[in-house]
Amino acid sequence: MAIGLDVTKPPEPEDPETYDYEKCPFYGDLSVRGQTLEGEVVSTDMEKTVVVEREYDVHVPKYDRYMKRRSRVPAHVPGVLEPEVGDTVRIAECRPLSKTKSHVVVEITDSEGGDA
């Protein structure tokens, strides 16, 4: 519980001289606060960023039914974690890291990729 959440701490970075400690919640100064979300990684095309998609139900009172909604949240990936497309990850809210990123990946909960 180094960052205030019940997540396992990943191993230390391999190259401490070039590691970006400013944007790391585990070994740097980045504090996490606010909400934590879980979702599936749908894109890893950007550097140090993943897009996490969440699917949830919204109640429609007029028809007394539920409809599915999706939201896509860009999140920063610290150098000590390496999520792949299809992985289920937990992201936590933090200070704004760029124009669109205000979340950081804190845990890879389920890996679809199957290690060989």
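This is a predicted model: local features need pLDDT of at least 70, side-chain atom pairs count only at pLDDT 80 or more; totals for chains, interfaces and linings use all residues.
Residues are numbered from 1 along each chain as its sequence is written, and side-chain values use heavy atoms, with hydrogens and water left out.

The structure has six salt bridges (a salt bridge is a side-chain nitrogen of Lys or Arg within 4 Å of a carboxyl oxygen of Asp or Glu). Here are three of them, with their N to O distances.

| Salt bridge | Distance |
|---|---|
| E38 and R90 | 3.7 Å |
| R72 and E53 | 3.2 Å |
| E107 and R90 | 3.6 Å |

Let's start with E38 and R90, whose side chains meet in a salt bridge. This pair links distant parts of the chain, 52 residues apart: E38 sits in strand β1 (residues 32-43) and R90 in strand β4 (residues 88-94). Strands are DSSP runs (E, at least two residues), numbered from the N terminus.

R90 also forms a salt bridge with E107. E107 belongs to strand β5 (residues 103-110) and R90 to strand β4, so this pair ties together parts 17 residues apart in sequence. Through shared partners, E38, R90 and E107 join into one network.

How open are these three? E107 is buried at 17% relative accessible area, while E38 is partly exposed at 43% and R90 is partly exposed at 22%. (Buried means under 20% relative accessible area, exposed over 50%, and partly exposed in between, with a 1.4 Å probe and protein chains only.)

Note on methods. Helices (H or I, at least four residues) and strands (E, at least two) are DSSP runs, numbered from the N terminus.
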